[in-house]
Amino acid sequence: MAATIRSFSSLYSATLLMVLAAGLLTTYLGLKLASMEVAKVWIGAMMSAYYLGLVLGSKIGHKLIARAGHIRAFVASAGVVTASALGHAMIEQLEVWLLLRLIVGMCMMCQYMVLESWLNEQADSKNRGTIFASYMIVSYLGLVLGQGAMSLNPELTIKPLLLVAMCFALCIVPLALTRRIHPQPLKPAPLQIKVFWQKVPQSLTTIAMAGVIVGSFYGLAPAYAASQGMNTEQVAAYMATTVLAGLLAQWPMGKLSDRVRRSRLIRTNSVILGLLVLAMALLPLSGVVQLGFTFVFGVFAFTLYPLGAALANQNIEQHERVALSATILLTFGLGASIGPLLASAFMQLGGSQMLYAFMAAVAALLFVRLQQVNYQQKQQEKIAPKDYMMAAGDLVGSPLAAALDPRVDQQTVDSQMRAERYPVNDTSPDPAQFELDLTGQAERAEQVNSPAKNTD
């Protein structure tokens, strides 16, 4: 396993630097805007613009990679992101920052597509799980390190932006020097949104709501923490604790989902998450207790997406997986772009605590919708024809039915069977042949009426 991970070390190194920079930039902008005392809607709009850029970048990234190749596309995108990060230091006009966030999202989606398509192509069935698990661990580690880097520069000066630019520039180096074989050009994945919403409605609903919650947290949690009286180091610790919880929860939640029905596990997750964030909105939390609450929040909030994706993949055919992946990414991106806008509007009207009150409402909506879909699916299963059918009138009306009634003696059964199979005007049958006929029909009756196997 170690050899497999080392063979992709260049891609993992690029991922670590890129995600570290992205996490640091997001937290810095949230704290900077909060210190500027701008309306909460602007903070939400900044995060929404980033996720909207991710959605738009999926189309642009395909064309860019097909035209220039993976490495050139990655280098070009990293250059634009570096310039955009430094643009925040040169201009403090909010409209320009909004545009820069959109550009960063578009270019980072192209970078993600380069890395993930490269890993996906050169991984095989024997090591694919290990490779992508390592990729997710590196991504979460980058987010945690990004929050830690924020605590090293608490003054909100230009230094965090310079560090962001350095990391985005340095993430080019591992890919530029890699000795791995370059992947084939990408082929666009068709979008079949309506088809998949009909086929896996519970999964896509979960993914959309997960996008709303995660997008709201990343965009507005720094401003919320600052409004609770935390300094920059404490805000960084608050964010890092939540992300670390998400990282640690991936493996045990994945194992649990292999033993418990995923649809039921998602509904349970949504109930616990809803109660938790409602408590975070109503209770006066601080210090270690607050960190404990946000740790548990990270466990349940950051596992909704992988649970929804796993549930979707278990219910579709192999040839549909590429199109499903494209639909999942689009659904999550749209949810994450809408969430911060709605959450910031709630915060603007009711204060910073409304961030978690909004999440509680989203979790409740998710549970209600999942319950509704689950009930509809059960009703359809009752109406749909089953593989096992109850015995029809041929057996019930046959004299052989008497053989299944313990109140009837064997002599009566024999006489009825003789009369049914061999009419009076026929010659008398051979007794041995009659015994074989009776035994065969009894065995068939027993097979028909035996309980169906439980395949659930």
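# Notebook: a predicted helical model

I began at Glu 37, which is exposed with a relative accessible area of 73%. This is a predicted model. Glu 37 sits in the loop between α2 (9-35) and α3 (40-68). I looked up its backbone: phi is near 55°, a positive value in a residue other than glycine. Most residues other than glycine have a negative phi. I flagged Glu 37 for its positive phi.

**Whole chain**

I counted secondary structure next. The protein chain has 19 helices and zero strands. Of its 456 residues, 48% count as buried. The chain exposes about 23,200 Å², and carbon and sulfur atoms supply 62% of that area. Residues 24 or more positions apart account for 83% of them.

**Cysteines**

How many disulfides does the count come to? It comes to zero. I checked two cysteines to see why. A disulfide needs two cysteine sulfur atoms within 2.5 Å. The sulfur of Cys 107 has its closest cysteine sulfur in Cys 110, at 7.2 Å, so the pair is too far apart for a bond. The closest cysteine sulfur to that of Cys 167 belongs to Cys 171, at 8.6 Å, which is also too far for a bond. Cys 107 is buried at 13% relative accessible area, and Cys 167 is buried at 7%.

**Core and Phe 297**

I turned to the largest nonpolar core, which has 120 residues. In soluble globular proteins, nonpolar side chains tend to be buried together. Which members touch the most other members? They are Tyr 51, Met 108, Phe 217, Tyr 218, Tyr 238, Phe 297 and Tyr 356.

I followed Phe 297. Beyond its neighbours within four places in sequence, Phe 297 contacts Ile 213, Phe 217, Thr 242, Leu 273, Leu 276, Val 277, Met 280, Phe 302 and Met 359. Phe 297 is one of the buried residues of α13; the others are Gln 290, Thr 294, Gly 298, Val 299, Phe 300 and Ala 301. I also checked the length of α13 (residues 287-301). Its 15 residues reach 21 Å from first C-alpha to last, close to the 21 Å expected at 1.5 Å a residue.

**Met 359**

From Phe 297 I went to its contact Met 359. Met 359 is in helix α16 (residues 354-383). At 1% relative accessibility, Met 359 is buried. With neighbours up to four places away left aside, Met 359 touches Ile 213, Ser 216, Phe 217, Val 277 and Phe 297. Both Phe 217 and Phe 297 are on the list of core members with the most contacts to other members. Met 359 and Val 277 lie 82 residues apart along the chain, yet their C-alpha atoms are separated by 6.6 Å.

**Ala 245**

I looked at α13 from another side. Ala 245 is in helix α11 (residues 232-257). Is Ala 245 buried or exposed? Its relative accessibility is 0%, so Ala 245 counts as buried. Leaving out neighbours within four places, Ala 245 contacts Phe 295, Gly 298 and Val 299.

I searched for salt bridges and found one in the structure. Asp 258 pairs with Arg 262, and the closest N and O atoms are 2.9 Å apart. Asp 258 is exposed at 56% relative accessible area, whereas Arg 262 is buried at 17%.

Arg 262 also came up in the contacts of Leu 307. Leu 307 is in helix α14 (residues 304-313) and is buried at 3% relative accessibility. Apart from neighbours within four places, Leu 307 touches Met 253, Ser 257, Arg 262, Leu 265, Ile 266 and Asn 269. I noted a pair as well: Leu 307 and Gly 254 are 53 residues apart in sequence and 7.6 Å apart in space, C-alpha to C-alpha.

**Gln 202**

My last entry is a glutamine in helix α10 (residues 201-227), Gln 202. Gln 202 is buried, with a relative accessible area of 7%. Which residues does Gln 202 touch, not counting those up to four places away in sequence? They are Ser 263, Arg 267, Leu 311, Leu 370, Val 373, Asn 374 and Gln 377.

Technical notes
Residues are numbered from 1 along each chain as its sequence is written. This is a predicted model: local features need pLDDT of at least 70, side-chain atom pairs count only at pLDDT 80 or more; totals for chains, interfaces and linings use all residues. Side-chain values use heavy atoms; hydrogens and water are left out. Buried means under 20% relative accessible area, exposed over 50%, partly exposed in between (1.4 Å probe, protein chains only). A nonpolar core is a set of buried Ala, Val, Leu, Ile, Met, Phe, Trp, Tyr and Cys residues joined through side-chain atoms within 4.5 Å. Contact means heavy atoms within 4.5 Å. A salt bridge is a side-chain nitrogen of Lys or Arg within 4 Å of a carboxyl oxygen of Asp or Glu. Helices (H or I, at least four residues) and strands (E, at least two) are DSSP runs, numbered from the N terminus. The expected span of a helix is 1.5 Å times one less than its number of residues. Accessible areas come from the Shrake-Rupley method with a 1.4 Å probe; for residues, only the protein chains shown count as cover.
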